Each structure stands twice: as C-alpha cells, then as structure tokens.
Amino acid sequence: MKTIEKSTVIGEILQFAPQAAPMFLSMGMHCLGCPASSGETVEEACMVHGVDADAFLVELNNYLAECEKSKEEAE
C-alpha cells in the first residue's frame with residue numbers, strides 16, 4: 001500500500017483506498033464526493049477542519065496498513 005502524505009490529494013486516496021472514507025468523515029469532512037473536497041490535499045483538509053495533519057496521517061496510514069493486513073490474511 002502506498003504511504004499517504006500531506007500533499008496526497010483526497011480524491012486519489014479514495015480511488016485506491018475507499019476504506020479511508022470513514023477516517024475523513026471522522027474529522028468532519030462530510031462532503032467527500034463534492035469536487036472541491038476531492039481535489040484538496042490531506043494537509044488542506046486538515047487545516048480547514050482544525051485537525052493536526054501529522055497526527056491524522058499517522059492514524060490514517062496505520063488504519064490502511066491494518067486493512068491491508070486483514071485483507072491479506074483473509075486470502
């Protein structure tokens with residue numbers, strides 16, 4: 001799985017890891033489908049929603065790694 005960085009665009013993340021959507025929803029980003037939000041970077045979204053980008057990235061990347069691990073174990 002690709003590591004998500006501050007400069008990663010949210011629309012790109014949702015294309016390769018749709019399971020990340022709940023993480024964005026939990027930060028208050030409820031309009032994931034609108035063009036403006038899908039074109040934002042993680043850093044921009046965190047700034048707008050008052051979330052620490054570094055802490056969010058650690059949580060998001062750990063969550064996606066766990067999802068990938070669970071998927072591999074199920075196969």
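The count comes to 2 salt bridges in this predicted model. One pairs Lys2 with Glu12, and Lys6 forms a salt bridge with Asp54.

**Salt bridge Lys2–Glu12**

- The closest N and O atoms of Lys2 and Glu12 are 2.2 Å apart.
- This pair links distant parts of the chain, 10 residues apart. Lys2 sits in the segment before helix H1 (10-16), and Glu12 sits in helix H1.
- Lys2 has a relative accessible area of 42%, so it is partly exposed.
- Glu12 is partly exposed too, because its relative accessible area is 32%.

**Salt bridge Lys6–Asp54**

- Between Lys6 and Asp54, the closest N and O atoms are 3.3 Å apart.
- The two residues are 48 residues apart and join distant parts of the chain. Lys6 belongs to the segment before H1, while Asp54 belongs to helix H5.
- Lys6 has 29% relative accessibility and therefore counts as partly exposed.
- Asp54 is partly exposed because its relative accessible area is 45%.

- Val42 lies in helix H4, which spans residues 42-48.
- Its relative accessible area is 0%, so Val42 is buried. The cut-off for buried is under 20%.
- Leaving aside neighbours within four places in sequence, Val42 is in contact with Ile4, Glu5, Lys6, Thr8, Ile10, Ile13, Phe24, Phe56 and Leu57.
- One of these contacts is Lys6, the salt-bridge partner of Asp54.
- Leu57 is another contact of Val42. The C-alpha atoms of Val42 and Leu57 are separated by 8.2 Å, and the two residues are 15 residues apart along the chain.

**Thr8**

- Thr8 is placed in the segment before H1.
- With 7% relative accessibility, Thr8 counts as buried.
- Not counting residues up to four places away in sequence, Thr8 touches Ile13, Glu40, Thr41 and Val42.
- Ile13 is in contact with Val42, and Ile13 also touches Thr8.

**Ala20**

- Ala20 is found in the loop between H1 and helix H2 (21-26).
- The relative accessibility of Ala20 is 0%, so this residue counts as buried.
- Setting aside residues up to four places away in sequence, Ala20 touches Ile13, Leu14, Leu60, Tyr63 and Leu64.
- Ile13 is among the contacts of Ala20, as it is for Thr8 and for Val42.
- Ala20 and Lys71 are 51 residues apart in sequence. Their C-alpha atoms are 14 Å apart in space.

- Helix H5 covers residues 53-74, and Glu72 is placed in it.
- Glu66, Glu72, Glu73 and Glu75 gather on the surface in a patch of negative charge.
- Glu59 also lies in helix H5. Its relative accessibility is 47%, so Glu59 counts as partly exposed.
- Glu59 and Met23 are 36 residues apart along the chain, and their C-alpha atoms are separated by 8.6 Å.
- Asp54, the partner of Lys6 in a salt bridge, is likewise in helix H5.

Note on methods:
Residues numbered from 1 in each chain as written. Predicted model: local features only at pLDDT ≥ 70, side-chain atom pairs only at ≥ 80, totals over all residues. Heavy atoms only, no water. Patch = residues over 30% accessible without salt bridge, like charges linked within 9 Å, V, L, I, M, F, W, Y side chains within 5 Å. Areas by Shrake-Rupley, 256 points an atom, 1.4 Å probe, with all protein chains shown as cover. Salt bridge = Lys/Arg side-chain N within 4 Å of Asp/Glu carboxyl O. Lys, Arg positive; Asp, Glu negative; His and termini not counted. Charge placed at Lys NZ, Arg CZ, Asp CG, Glu CD. Helix = DSSP H or I, 4+ residues; strand = E, 2+ residues; numbered from the N terminus. Buried < 20%, exposed > 50% of the residue type's maximum accessible area, 1.4 Å probe, protein only. Contact = heavy atoms within 4.5 Å.
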